[in-house]
Amino acid sequence: MSDRIEVQKTYKTYVGGSFPRSESGHYYKVFDSEGDFLANACRCTRKDFRDAVLAARAAFKGWSSRTAYNKGQILYRIGEMMENRRDQFVKELGQIGFTKEEANADINASIDRLIYYAGWTDKYQQVFGSVNPVASAHFNFSILEPTGVVSVLAPENSPLLGLVSVIAPIIAGGNTCIVHASEQYPLPSISFAEVLNSSDVPGGVVNILTGIRSELVEHFSSHMDVNSILYTDKIDKETKVKIDELASNNIKRVVKKNITDWYEKDSASPYFVVDFQETKTTWHPVGF
Amino acid sequence: MSETKTKETTYKPTSPNSKLDFASLWEYSAAPESSANLEIKEKYDLFIGGKFVKPSKDRYFKSVNPSSNEEVTQFAEATQKDVDKAVKAARKAFKGEWSDLNPSSRGKYIYRIARMLQERAREFAIAESIDGGKPIRESRDVDIPLAAAYFFYYAGWADKLEYAFPGKKPEALGVCGQIIPWNFPLLMLAWKIAPALACGNTVVLKPAETTSLTAMMFAELVKDAGLPDGVVNIVTGAGQTGAEIVNHKDTDKIAFTGSTNVGKIIQKSLAGTDKKYTLELGGKGALILFEDAPIDQAVEGIINAIYFNQGHVCCAGSRLLVQENIADKVIMKLKDRLETLIVGDPLDKNTDIGAINSKEQFDRVNTYLELGVEEGAEVYQSKCSVPENGYFIRPTLFTNVSQSNRVVQEEIFGPVLTVQSFRTADEAIEKANNTPFGLAGGVWTDKGSKIFKVGSALRSGVVWANTYNKFDPTSPFGGYKESGVGREGGLHGLSAYLNLK
């Protein structure tokens, strides 16, 4: 053991492709599984969320018009970058109580999930789009297009695999998102942001905020330029009602899933991509 | 001829090039469709559990013909107790006979409905025009045949559902509460009931209070078709009846078509429940007309986009965006064409624009007409005569409007078109997308590649190219953004009525 003093990482947020601190200057303490201090995390506020929505909206046009092949390669690239940083994630998951074996399994499953959705980017359209035999002289077809900007309340108890499992299908379908990381275990999400930042994902496609969920839920549900909201944890009735009510102000698509085990088969599916898609039907004239 | 010449003509063709002489060419004799074979009862009860039953509070409300303001009939007002009874009947049918039926037999019942609707098409069309005010040409050639087509299409899905969603096992949801609007009464009923039944659900449907006639005639048809009791229940009433359906604890799904405001209220009242819902809400469709389009064809398309069904169409093309260099010409042609539209008796086969559906809507459209002028728009209305009684509004154009005007941003749901110009395709797309809505849009151009490029940039659920207001049972319909959630029609319309396990 050397007696060198370690340089610790400052955990910030990830917005628009850069790593700003919370505009509020507020923080909260994050502890390891022993209850010892680990790091300060940004305690984001409404202002941070608004900035993140701006970044996500600005990135939407570019990201949604990338080719399916290109999106697939970028998702694959995220997987490659994660492999590279395995040690960093093993360490962070270890701090919050994962055994080395569990941590590796979590990372493996996360990487595999990225590869899984990388493969769907250029296939879901073929499976879920349609050509419709209308009774008139039109070529009529339905394609899927991304819903837009999605706000995500990431799983509280699966800070890496759960996080990756909710982000991947959303961006595979061409959406951009603002993610609230696990409140208790926010650190892997910021490390994942570093992965994203080094894997050709354009800035603003994924934005990650940390903070106190009860303070942020209202903003995640109510913003008028957010088109959809996702949560996968079982939450209390009162919060559920609040999310739904606020979402109705601009007809947000509320996607609720109840997933506790992110290893189970149904936790990854092309239907997860389709949940954040709109069907567009075009009537194209046919004639000389 | 001499007689028409003595008539006072107020319209002057807007261009010296105009060859159209409206004063002498466009005289039509009345050609009313006979309603002799249509039997309308004095009053209609609720249709619950396969029987016509009196409403528990014994209250009935009047329905008037909007073209004459005369009473057509009376409908029962369903209150909480009645809705509860209907939901129970639907639940009983769902648990019993309807679910026990094999899927192909279920399909055959729906086929029967389609066929019987075709057989009785004319009387349904006449009833629709009397009760709702839409021109008989539309109800006869569009509403009723399409309604039958939706039943025919979805009937076939009943025994093929396992092929629709790869990797999933589809299951019926249960009891579906369905609330429909007054603009396409029977057609909206078909959009709701056909897929719901095909997927194995039972329904409680509420038609709009001003247009319940064809729904009650449909109830009689369901009885004649021999469907098991309780599979289809129809309760009449106003908004409160709808709220009872939405808030009933034992409905599994709510399907609503109507205004964005009410849609938001419904989404809000379902907060915290796990009920599925689909919402088909308002729109402010843009029509993008490029300089290379065949202009005369486009003008016809625009007329159909906004004046079809008095503009009471959620996907109506109510904003024309025309490329700057052809704008004057297009506006001139539109004005000329407006003068040829006949506003009048819905039952007359010459009528292009019938009656505004209700006094309430009549007032609402007129408020927007005043507002548009207050906002500084130039208004143009055709000079045609309109009947003295009833609610009629001449086809209207607003020019000199800006993107932020309320008449450009808000859904008017009447025969009112705003006209803006643009220079580049990007500007047109920007303007088209710049409302909270996203239901439908139109593109007029001679260039196929432009259709695809502009179409893919429009944030709306339907894109019509060189056409507008076309519908087909195989074609999914529904909105982006505040125009709604979910799709109706086609394969995509099935998922709204299934649990995918």
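**Strand pairing, sheets and contacts in chains A and B**

Colleague: In strand 18 of chain B, which residue is the bridge partner of A:T281?
Modeller: Keep in mind that this is a predicted model. Strand 10 of chain A pairs with strand 18 (residues 462-465) of chain B in the parallel sense, over 3 bridges. In strand 18 of chain B, the bridge partner of A:T281 is B:V462.

Colleague: Which strand of chain A gives the most to the side of chain A that touches chain B?
Modeller: 30 residues of chain A are in contact with 35 residues of chain B. On the chain A side, strand 3 (130-132), strand 4 (138-146), helix 9 (237-247) and strand 10 (277-285) each supply at least two residues. With 8 residues, the one that gives the most is strand 10 of chain A.

Colleague: By class, how many residues on the side of chain A that touches chain B are polar?
Modeller: Take the other classes before that one. The side of chain A that touches chain B has 9 nonpolar and 7 charged residues. The polar residues there number 14.

Colleague: Which strands of chain A are the edge strands?
Modeller: In chain A, 5 strands form an open sheet with parallel pairing, in the order 7-6-5-8-9. An edge strand here pairs on one side only. The edge strands of chain A are strand 7 (206-209) and strand 9 (253-256).

Colleague: What does the twist average from one strand to the next?
Modeller: This concerns the open sheet of chain A with the order 7-6-5-8-9. From one strand to the next, its twist averages 15 degrees.

Colleague: Which residue in strand 7 of chain A is the bridge partner of A:H180?
Modeller: Strand 6 (residues 176-180) of chain A pairs with strand 7 of chain A in the parallel sense, over 4 bridges. In strand 7 of chain A, the bridge partner of A:H180 is A:L209.

Colleague: At about what angle does helix 6 of chain A run to strand 6 of chain A?
Modeller: Start with helix 1 (residues 46-64) of chain A, which lies across strand 5 (149-153), strand 6 and strand 7 of chain A at about 150 degrees to strand 6. Helix 6 (residues 161-172) of chain A lies across strand 5, strand 6, strand 7 and strand 8 (228-231) of chain A. Its angle to strand 6 of chain A is about 165 degrees.

Colleague: What is the radius of gyration of chain A?
Modeller: Chain A has 10 helices and 10 strands. For 288 residues the globule rule gives 19 Å, and chain A comes close to that, so it is as compact as a globular protein of that length. The radius of gyration of chain A is 20 Å.

Colleague: Are helix 6 and helix 9 of chain B roughly parallel or antiparallel to each other?
Modeller: The axes of helix 6 (residues 121-132) and helix 9 (residues 213-224) of chain B come within 9 Å. They cross at roughly 150 degrees. Angles over 145 degrees count as roughly antiparallel. The two helices of chain B are therefore roughly antiparallel.

Colleague: Which residue in strand 5 of chain B does B:Y60 stand opposite?
Modeller: An open sheet of chain B has 3 strands in the order 1-5-4, with mixed pairing. Strand 1 (43-44) and strand 4 (60-65) of chain B each have a single partner strand, so one side of each is left without a neighbour in the sheet. Strand 4 of chain B pairs with strand 5 (residues 70-76) of chain B in the antiparallel sense, over 6 bridges. In strand 5 of chain B, the residue opposite B:Y60 is B:A76.

Methods:
Residues are numbered from 1 along each chain as its sequence is written. Chains are lettered from A and ligands numbered from 1 in the order in which they are written. This is a predicted model: local features need pLDDT of at least 70, side-chain atom pairs count only at pLDDT 80 or more; totals for chains, interfaces and linings use all residues. Two strands pair if DSSP finds at least two bridges between them. Axes are lines fitted to C-alpha atoms, for helices over the stretch in contact, and angles run from 0 to 180 degrees between N-to-C directions. Two residues are in contact if their C-beta atoms, placed from the backbone, lie within 7 Å. Ala, Val, Leu, Ile, Met, Phe, Trp, Tyr, Cys and Pro count as nonpolar, Asp, Glu, Lys and Arg as charged, and the others, Gly among them, as polar. Angles under 35 degrees count as roughly parallel, over 145 as roughly antiparallel, 65 to 115 as roughly perpendicular and the rest as oblique. The radius of gyration is taken over C-alpha atoms; the globule rule is 2.2 Å times the number of residues to the power 0.38.
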